[in-house]
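User: Please take a close look at helix packing in this model. I would also like to hear about the strands and how far the prediction can be read.
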Amino acid sequence: MADIMISTTNLTKVYNGKVTVDNVSLQIERGGIIGLVGQNGAGKTTLIRMLTGLVNPTSGSFKILPDCKRLPTDVAAIVEKPSIYSSMSALDNLTAQSILLGLKTDTEYLSATLKLVGLDPTLKRPVKNYSLGMKQRLAIAMTLVGKPQLLILDEPTNGLDPQGIADIREVFVKLNKDMGVTILISSHILSELGKFATEFYIMDKGQILKRVTADEIKNISGKRIRLYVDDTAKTLDTLKDMGKANICGDNQVMLATETPITQIMLSLAQAGVVVRNFVQVGDALEDYYLQIVRDARNPFSDNGGTL
Ligand code: ATP
């Protein structure tokens, strides 16, 4: 039987008559990096705030780690600004957190935790002088003090530069792979989550529209390819049975297809078309997300399978 980390049943939050989280029922199993994706206002933060006990549901229920005897340290979260003592060093902050959690202070582990997130444990300067990126790393280190099994993070890379985002991503992957921590992480930046989450919950207008795994996204072979060719008419004719093709610029054809690229190139070469270049357009997760959200909002629209 799967080990369930989070289970919700018709979880609902209504603010001033407005349904913010709408009958969410989901089961998150141990072991993954789960991306909760949706645009601003979709209800991600509210869902996470309920799961972390910061607000009470209006109706419905949820269970965290229902299958085992849960310790308070088994779940850690960053939802709001983490409480960091700004006049203390990073290591002192971790030590204080350890005391707060009622744990025996293990300086070796705490130092290793700082190293894991890319901070120097010997750095004595107060964290108020840290950059935003360093503060974010410290916030993540703080969540690891109690060796949690489950981490819940609301937009943890907000405000970071691309390098900072990439570094933090590496930390999450390490935590997940090496330490077996299950991570629920919300973001509206799909391209970012798409790089490392193992499954996704697509949220829109308070509802979970779909759960999809990263492997499923990979296997959805529908893609759009922009081809730069010497003869657009011949290209359209050659590709007519391989997908939807149309001219999209001088010597350019856009093809929405499920045919492998090698097959496309072979057919064009056999037809004598010179392909100067080709690029795959868009991002698989983003395309999938847009399609699911659009279908939910306009159930009767004919999207022809492409966006
Ligand atoms: P964002 O990325 O912008 O935070 P989100 O998907 O996390 O978006 P929520 O923050 O959960 O979305 O907000 C969903 C809706 O609920 C918004 O319309 C917001 O204004 C409303 N909302 C959230 N918290 C409250 C509150 N405490 N009181 C009233 N309305 C609220």
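Analyst: A crossing is called left-handed if the near helix is turned anticlockwise from the far one by less than a right angle, and right-handed if it is turned clockwise. Helices here are DSSP runs of H or I with at least four residues, strands are runs of E with at least two, and both are numbered from the N terminus. With that in hand, H3 passes H4 in a right-handed crossing.

A word on the source: this is a predicted model, in which local features need pLDDT of at least 70 and side-chain atom pairs count only at pLDDT 80 or more, while totals for chains, interfaces and linings use all residues. Residues are numbered from 1 along each chain as its sequence is written, and side-chain values use heavy atoms, with hydrogens and water left out.

Back to the helix pair. The axes of H3 (residues 107-116) and H4 (residues 132-144) cross at roughly 140 degrees and come within 9 Å; axes are lines fitted to C-alpha atoms, for helices over the stretch in contact, and angles run from 0 to 180 degrees between N-to-C directions. The two helices are therefore oblique to each other (under 35 degrees is roughly parallel, over 145 roughly antiparallel, 65 to 115 roughly perpendicular, and the rest oblique). On the H3 side, Tyr109, Thr113, Leu114 and Leu116 meet Leu138, Ala141 and Leu144 of H4, where contact means heavy atoms within 4.5 Å. Six residues of this contact are nonpolar, one is polar and none is charged (nonpolar: Ala, Val, Leu, Ile, Met, Phe, Trp, Tyr, Cys and Pro; charged: Asp, Glu, Lys and Arg; polar: the others, Gly among them).

Now the strands. An open antiparallel sheet of three strands runs in the order S2-S1-S4, with pairing taken as at least two DSSP bridges between two strands. S2 (18-29) and S4 (59-64) are edge strands with a single partner each, so one side of each has no neighbour in the sheet. Five bridges join S1 (residues 4-15) to S4 in the antiparallel sense, and Thr8 has Phe62 in S4 as its bridge partner. Helix H1 (residues 44-51) lies across S1, S2 and S4, at about 120 degrees to S1.

Finally, confidence: the protein averages a pLDDT of 89, and 94% of the residues score at least 70, pLDDT being the predictor's confidence in each residue, from 0 to 100. Over residues 302-307 pLDDT stays under 50. Where pLDDT is low, the predicted coordinates should not be read in detail.
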